Amino acid sequence: HSRPRCPNPFFQDISSSVSHAAGVGCARYAMFSSVLGSMGVGIGFAIYKFGATSKFDGKIDALAKNDLGWVYLGLAALKQTQFLINVNLSVHRKEAKINVPDQQVYKAHGATTYVLMEQEGALGSFNRAQRALQNYLEQLPGFLAFFFSAGYVFPFPTFVMTLLFGGCRVSAAVGYTKAAKERMAGNIASSLVMETFQGLVLLAGVKALLRK
């Protein structure tokens, strides 16, 4: 069977062999993720530096007193697990030539054709809207972990970033319903919010360990 190219915009201009394309695509994905991660750390440091620093320091002191810096660093490390799993998925999605919103490929017993999602008309819009909901639900546990961890030290910035995250996810869902590529702006913006959460958690964790 043959399907459109992998939806990641950094994969779309790769026209060499499948294995080489997957490798190059993963490198670009990793580079893009690194850029977003660096931006998140920078924004997190700016929030600490130019926000209510003395109040933030008081909470970080409490983390240090209870030896919780390791917990914060562990949460940030766990986020990299999701990154590696997504890289693995992207490689095999590219090799299988399966585009979003399809997440699995089915074949009826004894048949020679594959069963995939309808992507045209009202049914296609419904499938993409449903996938957008699943995207949100898949991210929600990780978001809540960062929400409570960062929220303890940086309560008001966490509130503001939660509003931004919610708005970005709604934007991505509405865009996804129209067309798969229309989800990207909201996805990238919400990813930057998550990277900022990670930056705040890293900052709090490192500072707590240094104050032991």
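Is E138 buried, partly exposed or exposed? With a relative accessible area of 46%, E138 is partly exposed (buried means under 20% relative accessible area, exposed over 50%, partly exposed in between, with a 1.4 Å probe and protein chains only).

This is a predicted model, in which local features need pLDDT of at least 70 and side-chain atom pairs count only at pLDDT 80 or more, while totals for chains, interfaces and linings use all residues. Residues are numbered from 1 along each chain as its sequence is written, and side-chain values use heavy atoms, without hydrogens and water.

The whole structure holds four salt bridges (a side-chain nitrogen of Lys or Arg within 4 Å of a carboxyl oxygen of Asp or Glu).

| Pair | N to O distance |
|---|---|
| R211 and D61 | 2.8 Å |
| K79 and E195 | 2.7 Å |
| E138 and R131 | 2.9 Å |

R131, the partner of E138, counts as buried at 12% relative accessibility. Shared partners join D57, D61 and R211 into one salt-bridge network.

K79 lies in helix α3 (residues 69-96) and E195 in helix α6, so their pair ties together parts 116 residues apart in sequence (helices are DSSP runs of H or I, at least four residues, numbered from the N terminus). Both K79 and E195 are buried. R211 is partly exposed at 33% relative accessibility, and D61 is partly exposed at 41%.

The axes of helix α4 (residues 121-153) and helix α5 (residues 155-178) come within 9 Å and cross at roughly 170 degrees (axes are lines fitted to C-alpha atoms over the stretch in contact, and angles run from 0 to 180 degrees between N-to-C directions). Helices α4 and α5 are therefore roughly antiparallel to each other (angles over 145 degrees count as roughly antiparallel, under 35 as roughly parallel, 65 to 115 as roughly perpendicular and the rest as oblique).

Terms used:
Helices (H or I, at least four residues) and strands (E, at least two) are DSSP runs, numbered from the N terminus.
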